Amino acid sequence: MCLAVPALIKSVEGLEAEVDMGGITRRVSLWLTPEAKVGDYVLLHTGYAINVIDQHEAEETLRLLEEMMAAADAEEEE
Amino acid sequence: MRFVDEYRRSDLAQAVIGRIRRGSTRKARLMEFCGGHTVAILRHGIRQLLPPTVEMLSGPGCPVCVTDNSDLDKAIALARLPRVILTTFGDMLKVRGSRSSLQEVRAEGADVRTVYSTLDALQVARDNPGRPVVFLGVGFETTAPTVAASVLQASREGINNYHVLSFHKLCPPAIRAILDSGEVDLQGLVCPGHVSAVIGSQPWEFVASEYGIPCVVSGFEPLDILQCIDMLVSQIEKGESRVEIAYRRGVHAEGNQRALELMYEVFEVCPAQWRGLGTVPGSGLRLRKEFAAFDAELAFDFDPGPTLHPKGCICGDILRAVKRPSDCQLFGRVCTPASPVGPCMVSSEGSCAACYQYGDGAAGE
Ligand code: SF4
């Protein structure tokens, strides 16, 4: 029930936004994330954006995982 | 989709699984609090990939499942009142209370409507000014702020036929109740990602500091969960207990302050009834006095009748993680998703439904 999916903000009008979710357009509420702006990805839960996705952190996490993989590969080659 | 596909990369998943396998030497019984995590773990077959030292237990984190029959009976009694329109999320329709379900009373003529959002429930109230519209509010900290926002919006617009029946629950007190019961031996906690998107990681600190149990907040993609398990295993191996976040793109330590402010502007903390856990102090949310006019419990006179529980169903024990769905005599025989006996088989995030659909990941499957 706590499902929340990433959605890209296309336009903002007051506390409402139009978002794109994998090709589907939806109107959502920004009551809980008034700081969200066009181009941001938000976590969408029952019609409300509950958080803005931190794109920098998202890349950091992937970089960390890739380092982990490289380290494991290097160990195997030894 | 961005922020989804890259967290399903199998090469990275293999690397993290390898790390967990190499790193885990001590017993690691980990509870995933959230039903969304249970579904993801079973769907992606994560249990089968873990070394024998690591065991995953499903916790009580399914709001539909933990709603007690006494509360379901209230919603059903309310739906039966003449002229009332009861709105709720789809998952609630099939769950049976003591004698009936919302779906059954709808078939008998009650006006029960499923909505995707409280925004839709508000619209039903705008469209039906002469009739009372009740939103049955079930959900954790993820959902409660959206319900609070709808009450504030109704208050602003002067929509006075909108009411909320609040069975909202707070997650950290439920974990405390489980740990205090001493029934479950736990070495780590997979903290719910979207609850934590709202409350932050800070409210889990007591689990690490008072109970010495490592906590890691996780997202819902396979890589998120594997990374979380790896972080928990590292803490367990080092004998540490801290709160960490494996879902930094979605969760900040301090949470979403604006959502919390709105939630506490409308709601105040109260005791709540949990299926399996009984009354848990400080784990519920009721409308504040200032919003009493929106409180369905106060606005209507209704009789939920005496509470009964289905015979043979062990949902309560499953929600406390002391039993598994396969321990239930009715599982898969009498109780299936097509004819569910208990809520854990009804809800798409219930442990019984998830085990029925994906298998429970036990050895030999
Ligand atoms: S299998 Fe059905 S009856 Fe048994 S615990 Fe699960 S929901 Fe209840």
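This is a predicted model: local features need pLDDT of at least 70, side-chain atom pairs count only at pLDDT 80 or more; totals for chains, interfaces and linings use all residues.
**Salt bridges.** B:Arg248 forms a salt bridge with A:Glu57. I read 3.6 Å between their closest N and O atoms, which counts because the cut-off is 4 Å. I then ran the rule over the whole interface of chain B and chain A and got three salt bridges.

**Polar contacts.** Next I counted polar contacts between chain B and chain A. The tally is 17 residue pairs, with both residues at pLDDT 80 or more.

**Contact and area.** How many residues does each chain put into the contact? I found 48 from chain B and 38 from chain A. For size I turned to lost accessible area, as is often done for an interface. The two chains bury about 4000 Å² between them. Carbon and sulfur atoms carry 65% of that area. I also asked which residues of chain B lose the most area to chain A. They are B:Phe3, B:Tyr116 and B:Arg258. Together these three make up 15% of what the chain B side buries.

**Ligand.** Where does the ligand sit? I located it in the largest cavity. I listed its surroundings from chain B. Cysteines there include B:Cys313, B:Cys315, B:Cys328, B:Cys335 and B:Cys352. B:Ile314, B:Ile318, B:Leu330, B:Phe331, B:Val341 and B:Met345 also surround the ligand, as does B:Gly342. By class, I logged eleven nonpolar residues and one polar residue in the shell. No charged residue turned up there.

Terms used
Residues are numbered from 1 along each chain as its sequence is written. Chains are lettered from A and ligands numbered from 1 in the order in which they are written. Side-chain values use heavy atoms; hydrogens and water are left out. A residue is near a molecule or strand if one of its heavy atoms lies within 4 Å of it. On a 1 Å grid over the protein atoms alone, a cavity is a set of points where a 1.4 Å probe fits but cannot get out, and a pocket is an open set with protein on both sides within 12 Å along at least five of seven lines; lining residues have an atom within 4 Å of a point. A molecule sits in a cavity or pocket if more than half of its atoms lie within 2 Å of its grid points. Ala, Val, Leu, Ile, Met, Phe, Trp, Tyr, Cys and Pro count as nonpolar, Asp, Glu, Lys and Arg as charged, and the others, Gly among them, as polar. Contact means heavy atoms within 4.5 Å. Buried area is the accessible area (1.4 Å probe) that two parts lose on being put together, summed over both. A salt bridge is a side-chain nitrogen of Lys or Arg within 4 Å of a carboxyl oxygen of Asp or Glu. A polar contact is a pair of N or O atoms within 3.5 Å; within protein, one must be able to donate a hydrogen and the other to accept it, and residues adjacent in sequence count only if both atoms are side-chain atoms.
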